[in-house]
Amino acid sequence: MSEQNTPQNDAAELPQDENSIIAERRSKLDAIRAQGGVAFPNDFRPQHKAADLKEQYGTKTREELEEMNVQVVVAGRMMLRREAGKKAAFAVLQDASGSKADGRIQFYVTTDKTGEAEMEAFRRYDLGDILGLEGTLFKTKTDELTVKVSGLRLLTKSLRPLPDKFHGLSDQETKYRQRYVDLIMSEDTRRTFKARTAAMTSIRNFMNSNQFMEVETPMLHVIPGGAAAKPFITHHNALDMQMYLRIAPELYLKRLVVGGFDRVFEVNRNFRNEGVSPRHNPEFTMMEFYAAYVDYKWLMDFTEQVIRKAAVDAHGTAVLTYQGRELDLSKPFRRLTIVGAINLYAPHYTNEQLHDAEFLKAELKKFGVKPHVISGLGALQLSLFEETAEAQLWEPTYIIDYPVEVSPLARASDTVAGITERFELFMTGREIANGFSELNDAEDQAARFQAQVAAKDAGDEEAMYYDADFIRALEYGMPPTGGCGIGIDRLMMLITDSPNIRDVILFPHLRREE
């Protein structure tokens, strides 16, 4: 607050432990109820937001504001308070606004304006309480925009004390577990999720403007498909059948292309029963889209546009800073083959070595990788790429021409044996998107599924199941199609400069609280 350099919490709260504070606050709530008052009223309607008031009136002089006589009605959470004698107090209200300016505004309560009873009630309010107030805008001697309160009401009693205002929630796990408190205390956290919403709005608008139709497909699958991943398993009681949480919407979206919807997309929640890390959450968001009569080269150009537009709309520029290092999304994204990337980042390997399966198996063992017994040359090259080059792909880079054996849904190349028309997009050493020209040959797709079944029988838990209904759909005929999935959470990490995927997920999964 402007009237004091280091505003303090209520002095009465400082020496107490949390349990005694909660007990004291409950007694205040009991007193309100005992007096016959409405403990949690719902008839106050704010008309103004703090950030809007600061933007509109923040540059006005004291004299201008006095002449304008601006009346305001605001509501929010009391975050700071300081007594200014027996008959006055300053406090700070925080509401949900905040973009160009933060969502806080100072208010000034005096006995002369509100009366003795209202001032006495105000002194019983606690930090964290949600208040509604009316008053007139003015500026203090230190030029702080402030509301001189004429009317004040308690709307919601906060029973738990807020963390220390200078440090917020210092424990990272507590920030994730109690996101509601983190959002109250941290403007940075609020800014992160507002940026995420802005990016998602941008993506949806961009897709709509390019004639894509947004759809919803099932999250409960009879057969998990569309990705190589280990699913979560559940049980449908009424149907008495095992079901799986969606690992990808791909096979349903392609069914829609078969049905005649040439351009579809879905912002979808996927679930994969795999590890948790700074880049992985078992529940995550993707945006998948499919377009008829395009190939993977078109997809790369379009995906680049989607990502660049989202960054600009959420961040203001396509040139980002991620963890202290520049990430430029404004330039055309680079394209490399798997072998080309290894040549660039691990040039000590010869071309002969990179095409020698036995050498690759021996080399991968040095990295602690145990290739599956049925891994072909292409899969071995991919594994070596992941060990030697992937982490070094800082600038946006498409890795193209993935081997058939690791791309069971992608269209095989017409000109180069053993590879598919597939790409993965990497930035800052991590995968952001995966796309390909879709396989629309029903017989070829059936054979690929059979190969996946063989891999699963051999112990590959992430191999796909055979989906007979999807084969039946392809037998009706799917036009040449391209499809891509963009990892929204990882993209948001880059846009918001967040080091951990949990920073961009409102409620990330954590171990059970002890």
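In the predicted model, I486 contacts T285, M286, M287, F289, T303, V306, I307, I432, A433 and L491, with residues up to four places away in sequence left out of the count. Together with F289, I486 has the most contacts inside the largest nonpolar core, which comprises 45 residues. The main contribution to this core comes from helix α10 (residues 296-315), which supplies 9 residues. Another core, of 27 residues, lies apart from it and includes Y57, V74, F122 and Y125. In soluble globular proteins, nonpolar side chains tend to be buried together.

Helix α16 (residues 468-476) has buried residues at F470, I471, A473 and L474. These residues lie on the same side of α16, because the arc that they cover around the axis is only 155 degrees. E475 and Y476, on the other side of α16, are exposed. The cover over the buried residues of α16 includes α9 (250-258) and α15 (442-457). At the N-terminal end, α16 is capped by D467, a side-chain oxygen of which lies 3.2 Å from the backbone nitrogen of D469. Just after the helix α16, G477 adopts a positive phi of about 105 degrees.

V406 is located in the loop that runs between β15 (397-400) and β16 (422-427). Residues up to four places away in sequence aside, V406 touches A379, L382 and R422. The C-alpha atom of V406 is separated by 26 Å from that of I501, a residue 95 residues apart along the chain.

Conventions:
Residues numbered from 1 in each chain as written. Predicted model: local features only at pLDDT ≥ 70, side-chain atom pairs only at ≥ 80, totals over all residues. Heavy atoms only, no water. Core = buried A, V, L, I, M, F, W, Y, C linked by side-chain atoms within 4.5 Å. Buried < 20%, exposed > 50% of the residue type's maximum accessible area, 1.4 Å probe, protein only. Helix = DSSP H or I, 4+ residues; strand = E, 2+ residues; numbered from the N terminus. Contact = heavy atoms within 4.5 Å. Arc of directions from axis to C-beta. Polar contact = N/O pair within 3.5 Å; in protein donor to acceptor, adjacent residues only side chain to side chain.
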